[in-house]
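Reader: I have a structure open and would like to learn how to read it. Could you take me through some features, one at a time?

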Amino acid sequence: WFPLLGSEKFGINFVFHSSRFYPVEQRNNIQLPLTNTKHPFKYQTNERVLNEMFEALFMYYRNEDNANRLPIECCRVHFHKLGENDDAETKRFYDGLQQKWLDAIQTWRVIPTEGNGHLSMNDRRLRVLAPEFYENLSSEKREQYEPIMRQFSAMVSAGVGEKKIVLPKDDLIRWSQIVAEWNKDAEETFVTLKQVCECIKSRSDELHQFLEWLKELGQESLFEEYALIPNREGVLCKKKDLREGKTIPEALYRIARPIATSKLEVLVDPAFADVCNLGEFTRENLRDAINTTIRDIRSKTLEQTTYDNYYRRYETTPRLLQETSLNVTIQQIIDYCSAFPTEAPSSLRWRMMPCVCDIFDCDFRSITIGNEPTEGDEKPAELYEVSFNYLIEYTMYYLSRQKKDWLIKDEQKTERYEQLLRFVTEYAESARSNSANMDRLTKYAIFPNQRYELCKLETLKKNSVVKPDFALLYDGVMRKNIEAEWVEDDFSELVT
């Protein structure tokens, strides 16, 4: 009897049998090429017979119909790879078999694809996965992540300006393993992780699982190299550009973002916070970001300066927000300042915000955002003080720019007059015990005189004795309207 070559580990999953073989004595193999052998004729005959069989097989599978039916396991080509210390002639034999089979099998249309029939591996459209996709995963993890590997690998293009690559329809990892056995160094055959990462440009429903898979592979370094992790706006960022904001609830983020947009771009999408370890973005960080932005806004509105060429000096020339190039609106600042730690606070901000909203024709929409829990005597971060003080002062500047007809029309006080009165009265109450509030109150011309012209508080007096008829007489004789120096009666309690 003669050996069935291939019934044991040989390198291919075909069985070859011939009575022309010269077997070894144990009858479990054929005689192989060997340097300095006494019987070269035997191994030369064996090699010739094998080549004849191979050529017959190769010819059969060059036929597309035959190749289409070839099972995936019959596509394995993995002959013994001998080292430099092994017999040179035997090594030549096995190396020759490996190359002969590779040259043949890569031309067979054996790999099923979606929409392109069966393709051969030498078709430049066809790609398989590089070993880095799966070699560190257990069989269970490979099965779990294979759909993700397929979905994201399919985004890779065959070349610059070319269509997307084609992947095996089924058994993607198995085909990838088989092709890697053929020739692991053929780079043009494989999709790499870096190629996939370069193609990811937007957030998708499956992105989280993709990043989990990279983490399973131990490929977290790709998070630093490529923008793969979305921030709260869905923009993909590198790991180094992100922070976790677990103490920043969505409601707080939504009112803070329009003010400190660039500084809050670092907040990772909460659904992706578990993908990698990120530094913390705390409420103190949020406070500092908001305060820095508000100070910058202040410098370009209330404290804007221009150079006077005549006097050769800088002068303060305040502006309204809409007169600048800032991308912040008064509504956005009002929304931010309308957040409170409890539903029924008793703060000055709570009392003033409805007044401010009336002046700017905005609805007062308060929201409740609880303070961050603290330990012992530690106080929570004060998020709104700087913004609120700016808003109050900005409102005062806005009021100071209004004309007489804003307060009175057809000799009747307007609704605006009542809004001004409520605003000033409420704030003046706090100013009596707070010097900073008093400084703001007296800085702007927001007090109407009896001619309904807005003036600074320091320029007005309270009229408690002079009757209107005398004021007219004084005006006629002195050519000076004394009513311009008297505060409007409704505001008189605010003037000493």
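Author: Helix 16 (residues 415-431) and helix 17 (residues 435-443) have axes that come within 7 Å and cross at roughly 140°. Helices here are DSSP runs of H or I with at least four residues, strands are runs of E with at least two, and both are numbered from the N terminus. The axes are lines fitted to C-alpha atoms, for helices over the stretch in contact, and angles run from 0 to 180 degrees between N-to-C directions.

Reader: What word describes how helix 16 and helix 17 lie to each other?

Author: Angles under 35 degrees count as roughly parallel, over 145 as roughly antiparallel, 65 to 115 as roughly perpendicular and the rest as oblique. Helix 16 and helix 17 are therefore oblique to each other.

Reader: Which residues in helix 16 and helix 17 meet?

Author: Contact means heavy atoms within 4.5 Å. From helix 16 come Val-424, Tyr-427, Ala-428, Ser-430 and Ala-431, and they meet Asn-437, Met-438, Arg-440 and Leu-441 of helix 17. The residues of this contact divide into 6 nonpolar, 2 polar and 1 charged. For that sorting, Ala, Val, Leu, Ile, Met, Phe, Trp, Tyr, Cys and Pro count as nonpolar, Asp, Glu, Lys and Arg as charged, and the others, Gly among them, as polar.

Reader: Before we go on, where does this model come from, and how are its residues counted?

Author: It is a predicted model, so local features need pLDDT of at least 70 and side-chain atom pairs count only at pLDDT 80 or more, while totals for chains, interfaces and linings use all residues. Residues are numbered from 1 along each chain as its sequence is written, and side-chain values use heavy atoms, with hydrogens and water left out.

Reader: How do helix 11 and helix 14 pack?

Author: Helix 11 (residues 283-300) and helix 14 (residues 385-400) have axes 9 Å apart, at an angle of about 20°. Helix 11 and helix 14 are therefore roughly parallel to each other. In the contact, Ile-290, Asn-291, Ile-294, Arg-295, Ile-297 and Arg-298 of helix 11 meet Val-386, Ser-387, Asn-389, Tyr-390 and Glu-393 of helix 14. These residues divide into 5 nonpolar, 3 polar and 3 charged.

Reader: Which residues of helix 7 are buried?

Author: Buried means under 20% relative accessible area, exposed over 50%, and partly exposed in between (1.4 Å probe, protein chains only). In helix 7 (residues 207-217), the buried residues are Leu-207, His-208, Phe-210, Leu-211, Trp-213, Leu-214 and Leu-217. Among the elements covering the buried residues of helix 7 are helix 4 (139-153), helix 6 (193-199) and helix 8 (221-225).

Reader: Is Ser-153 buried or exposed?

Author: Ser-153, which is found in helix 4, is buried, with a relative accessible area of 0%. Leaving aside neighbours within four places in sequence, Ser-153 is in contact with Leu-129, Phe-133, Ile-165, Leu-167, Val-191 and Val-196. A polar atom of the Ser-153 side chain also lies 2.6 Å from the backbone oxygen of Met-149. That pair is a polar contact: N or O atoms within 3.5 Å, where, within protein, one must be able to donate a hydrogen and the other to accept it, and residues adjacent in sequence count only if both atoms are side-chain atoms.

Reader: What should I know about phi?

Author: Most residues other than glycine have a negative phi, and most peptide bonds are trans. Glu-411 is not a glycine, yet its phi is positive, about 65°. Glu-411 lies in the loop between strand 11 (408-409) and strand 12 (412-413) and is exposed, with a relative accessible area of 70%. Tyr-452 has a positive phi too, near 65°, but Tyr-452 is buried, with a relative accessible area of 15%.

Reader: Where is Asn-449 placed?

Author: Asn-449 sits in the loop between strand 13 and strand 14. Asn-449 is buried, with a relative accessible area of 0%, and a polar atom of its side chain lies 2.8 Å from the backbone nitrogen of Arg-451.
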